[in-house]
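Dear colleague,

Please find the structure below, together with a summary of what was found in it.

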Amino acid sequence: MITVEGLTRKYGSFTAVDDVSFVCQPGRVTGFLGPNGAGKTTTMRVMVGLTPPTAGRVTIGGHLYNDIPNPGRHVGVLLDASAQHAGRTGREILELGARTMGLPAERIDEMLELVSLTPAEAKRRLRNYSLGMKQRLGIAHALLGDPSVLILDEPANGLDPAGIRWMRGLLKGYAERGGTVLLSSHLLNEVELIADEMILIGHGRIVAQGDKKSLLAGAHGTASTFVTALDNEALATALRTRGLTVASAGDGLRVEAEPVEIGRTAAENAIVLTDLRAAEGALEDLFLELTSETQREVLA
Amino acid sequence: MTTIPASGLGHSLDLSSTTPTPFGRLVRVELRKTRDTLAGFWLLLSTAILTALVMVIQLAVGITQDDVSLSYNSFLTSTSFSIAVLLPIIGIMLLTSEWSQRTAMVTFSLEPRRPNVIAAKLVVGLLLAVAAVVIALGLATVCNALYGVLSDDPTVWNASVAHTAAFVLLQVVGMLTGFAFAALLLNTPAAIVIYMVYSFVLPGLFELGAQLMDWFDSIRPWIDFNSAQSPLVDATMTGKDWSYFVVSGFIWLAVPLAVGLWRVLRAEVK
């Protein structure tokens, strides 16, 4: 379990992290989501003792990171997959980690296999790795010491879709066995796919937290649904008579209502539906809205 | 696929079965880091090769030129062109490579007790300095023996405990000076440039200042660490030389090292 209590980090007059508190529970994957420069990395760096906090503190399983003996055996850390010596081979990087933690050499092979790096790839030097390979190596490094807590900064960055699916399986399985996982991302889709719980941060402050459902429920405005019917016109008319807001979107309609209500309307009016689903991007709207003050791009 | 057994279910970490990372293990890891990259490996190997090369050239000159006569110590002194130049650079790289390659993030997250990591690096530097000395003594012995066989001059084995101890001290101080500048600057090129200025440009400036200003001439021995080390080369240190050595060493070695370590221990590691 990771407990962040009233964490603040200032750089001169700039406040990178502003009174942040949250908890990452064991058995769950917690996504730490926010635009670039929102304070995710700074928070994670404070967690592992690389950055001293201005105020507040972070404990991992009840301990300050710096008080944990041989911390690699308890907390797996990946802050920047590129922050390794470019001239070392992938295998040598794991070798140094394993030796520092006092682990047997077999552990290196196990981890290489786990992250699907072949022996030939492991012999290549890091400068010849793609970002995706560096991320896999970084995850292998974080898992070396068989930790019960994982702290990963942008681990899905640079992974291809298959890689992201692989990571989702890996982290979910890890959490199901009782591990605590905190992973950050600036991409909503990644976090949505992998995380059980989400913490949204913007401008150094937590703007929302909870699971996907409760976040959406907490968002003001009703859910919206995409629907396509054989006769869109008839459906739109029927929905409007029920007092629902309907707009045309692509081949179909976007309706400000739950799918069940639209299904009911269609059934009552004997209209054949060819597609009915909750609108994607509801969470994205929420994310952009909540962090809009800190967005670099002005939202239309 | 191997499964990852996630230990420590529940909300608090059980640290009872974990022992702190032993210092010896840190030293072994740091020693490994000096040679597990091509750059590091070749720096170490070329130090040894250059040491041998300089002595072989010296040997060739000694054999072919009648007016040059060599001894064991003159072979050892030739290392001022090899070990004395490269050992400080090894000392610099020990520390700065963690910053230039950003591996300090990983190193300090695996061992948050930063003083232990820095101390392990310092021990590695001392071990390498001793290894360099052993190699130099061996090569000087071989070259001097060859000189005795191949030249008409008599073989002079003027080795002494004082000489050897002074030689060890000289190399250790060189390594430590590099290490201290590195701790102060945490940047490889900057530390190497500053070290080169310190060892090749500064002595000339001190000399010039001493020629021009009487008052500077009188304080110079106390602040010129390079010249304070020169009696070490011949092992002719007197009591006064030692006090020069200690005071100037404090300025050029202890102060940068202390400021640098203070900085490393407090710095935010990026």
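How many bridges join strand β1 of chain A to β4(A)? There are 5, and the two strands run antiparallel, with β1(A) covering residues 2-11. Strands (E, at least two residues) and helices (H or I, at least four) are DSSP runs, numbered from the N terminus; two strands pair if DSSP finds at least two bridges between them.

This is a predicted model: local features need pLDDT of at least 70, side-chain atom pairs count only at pLDDT 80 or more, and totals for chains, interfaces and linings use all residues. Residues are numbered from 1 along each chain as its sequence is written, while chains are lettered from A and ligands numbered from 1 in the order in which they are written.

The sheet

β1 belongs to an open sheet of 3 strands in chain A, ordered β2-β1-β4 with antiparallel pairing. Its edge strands, β2 (14-24) and β4 (55-60) of chain A, each pair on one side only. On average, neighbouring strands are turned by 20 degrees against each other, direction ignored. Helix α1 (40-47) of chain A lies across β1, β2 and β4 of chain A, at about 115 degrees to β1(A). Axes are lines fitted to C-alpha atoms, for helices over the stretch in contact, and angles run from 0 to 180 degrees between N-to-C directions; contact requires C-beta atoms, placed from the backbone, within 7 Å.

The interface

Chain A brings 45 residues to the contact and chain B 38 residues. On the side of chain A that touches chain B, α2(A) gives the most, with 6 residues.

Yours sincerely

Note on methods
Contact = placed C-beta atoms within 7 Å.
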